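Have your viewer ready and the selection tool at hand.

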Amino acid sequence: MSSDAIETRGLSRVYKSYRKPEGVWNSLKGLWDRQTVEKTALQPTTLRIAPGQIVGLVGANGAGKTTLLKLLSGLITPSHGDALVLGHHPWKRESAFLKRVSILLGQKNQLWWDLAPLDSFALLARIYDLDLAATRRRVQELTKRLQCDHVVETQLRRLSLGERMKMEIIGALLHSPDVLFLDEPTIGLDIVAQESIRDFLAGYVRSRGPTVILTSHYMDDIAQLAHSLLLISKGAIVYEGTVQDFTRKTESVQTLSVRFAEDLAADVRLDGDLHLAKGGKEFHLKIPADRLGPVIAELSRHGSIQDLKTEETDFEDVIKSFLATESRLL
Amino acid sequence: MAISANVEYRLNYVIDAVVQPSMTAVIELLLWLALFQGAAGGTIGGFTLPYYLSYALWGAFFARIASSWMYEFRMIEEIESGSVNGLLVRPFSFYEYYFSQLMGYKFITTFVSFLIPLGATLLLDWPAQMDRLPLATLLVFYYLILVHSISFLVSCCAFFWNRIHSFTVAKNLAFWILTGELVPLDLMPEPYRGWVINLPFASGVYVPVAYLTGRAEVSMVWNGFLSVTVGLIAVNAAGALLWKKGLRSYVGTGA
């Protein structure tokens, strides 16, 4: 094939499950008679990713992004099609392949629960045939950069979610993988931990240059880290392009929450179609980011503002709106 | 790693290495004492009470080595829950990973738990030929490879069925008899006696303990090595097949 780090041709995966109608009788009937249901998690997918590229893989829950990631990392076997990652068929899980890739699953622990991270790292060094002294130096360097050197001798099960994730990241990077699969690396973390991990990963990929496929529900992760974007919907890739193009197409929308000191004395119309009803006190408005300033100024003319806050619109909503614009249903 | 992880839970370690096999031994000893009290003669199957007491004592501790239900449950759980992902993406095999854990754990617990039957045998002067202990221990550790292979085979079933812990329970009940942990296999009537002793499971308890306590000769030990080898080939072939088939249907989030 080619010199691409990742290449797929018609790669697809169908999951099988059983349908279980409601009720005790159906449970008993299920002992001898089960109805199999097939669901296409990933439709035939053809893509090429050049070495050193950082690709953001986004989509709603159940869209198929984790399935694609699992196929490419060798965790699951495709139903049809073919894929080459660094010249290997991932699902064959050859040692030479596994030593060059790494996958970080934000919602699953991969280090050893009962061991202190230092013990886990020493074990990983042996598994990946790494030089022990060099690994120790690398752990020191990475823990320092992630500001977590004080917890490396504490058992994993005793660490906070953020600390655990930092340890998982170090474990995933210890053997300097050429291809890195990051599945929701910042999920469930507070904003400080998210930023810390995001900054660290940005610095790491800049300095080491691995090929990265990143899935995340946080647009900031994608915006800060990814060169290009794959949008996946109903198991099919529906958008492939740069992050900048995607951002341009999906006008950035903010949710503005405002609470007035007193009920509004009259109906208010803002910015075309925004309507604030008479007698209301608290409102939540979806506004294009570039219209925030004028809208807030206008609001302040209609009453005394007691509380005001803005939030970025949920990423799933951004995708939904993009797909709606592109005439594709989620 | 197995050593570090297991000594982390000190109480569990002590209970598993010392308390659990000691309790089993005490129950078995009481059982044999009661049987001999009710027996008309001074022997059962040609052996006197001290032979049975020695068998029961060593049998309980050998049986502890020859079982891996704890690791088997973990292996099943890994596949059922999808946490096997963490192992699948690393350059080693699921079989090897748990095998090294099991062996590491058995080595550290055997060293401690064997002090009890050793001390009791010396103190009470029950029949046991200590020069036979190394070969008997070697056989049970060889048999442990088969035990692990069977655990691997059972855990592979978790790819196809949820909740298969009942397999382990049913299998362990069968092994309780087939290994000779419950009663020495030479007490069984023919032709079952010959069949059961020639099965690889007898190498878990009966063959090494019978050899150690003078109920059997070395030829039975060599026969044990042979039948375990045959068992290993058969079980590992089935395990490899089931693993391959299981991975084809695996969805990466648990079975």
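Select residues 228–233 of chain A, which form strand E8. This strand is mostly covered, with five of its six residues buried. Keep in mind as you look around that the model is predicted.

**Its partners in the sheet**

To see one pairing up close, pick Leu57(A): its bridge partner in E8(A) is Leu230(A).

Next, bring in residues 236–242 of chain A, strand E9. Here the pairing with E8(A) is antiparallel and spans six bridges. Select Ser228(A) and you will find Thr242(A) of E9(A) standing opposite.

Follow the chain from E8(A) into E9(A) and you pass through a hairpin with two residues between the strands. Stop at Lys234(A) in this hairpin, where phi is positive, near 50 degrees.

**Last stop: where chain A meets chain B**

Show both chains and select the contact region: 22 residues of chain A are in contact with 17 residues of chain B. Which elements of chain A each supply at least two residues to this side? They are helix H2 (65–73), helix H3 (95–98), strand E5 (101–105) and helix H4 (117–127). H4(A) gives the largest share, three residues.

Terms used. Residues are numbered from 1 along each chain as its sequence is written. Chains are lettered from A and ligands numbered from 1 in the order in which they are written. This is a predicted model: local features need pLDDT of at least 70, side-chain atom pairs count only at pLDDT 80 or more; totals for chains, interfaces and linings use all residues. Two residues are in contact if their C-beta atoms, placed from the backbone, lie within 7 Å. Helices (H or I, at least four residues) and strands (E, at least two) are DSSP runs, numbered from the N terminus. A residue is buried if 20 or more other C-beta atoms lie within 10 Å of its own, exposed if 12 or fewer, and partly exposed in between; C-beta atoms are placed from the backbone. Two strands pair if DSSP finds at least two bridges between them.
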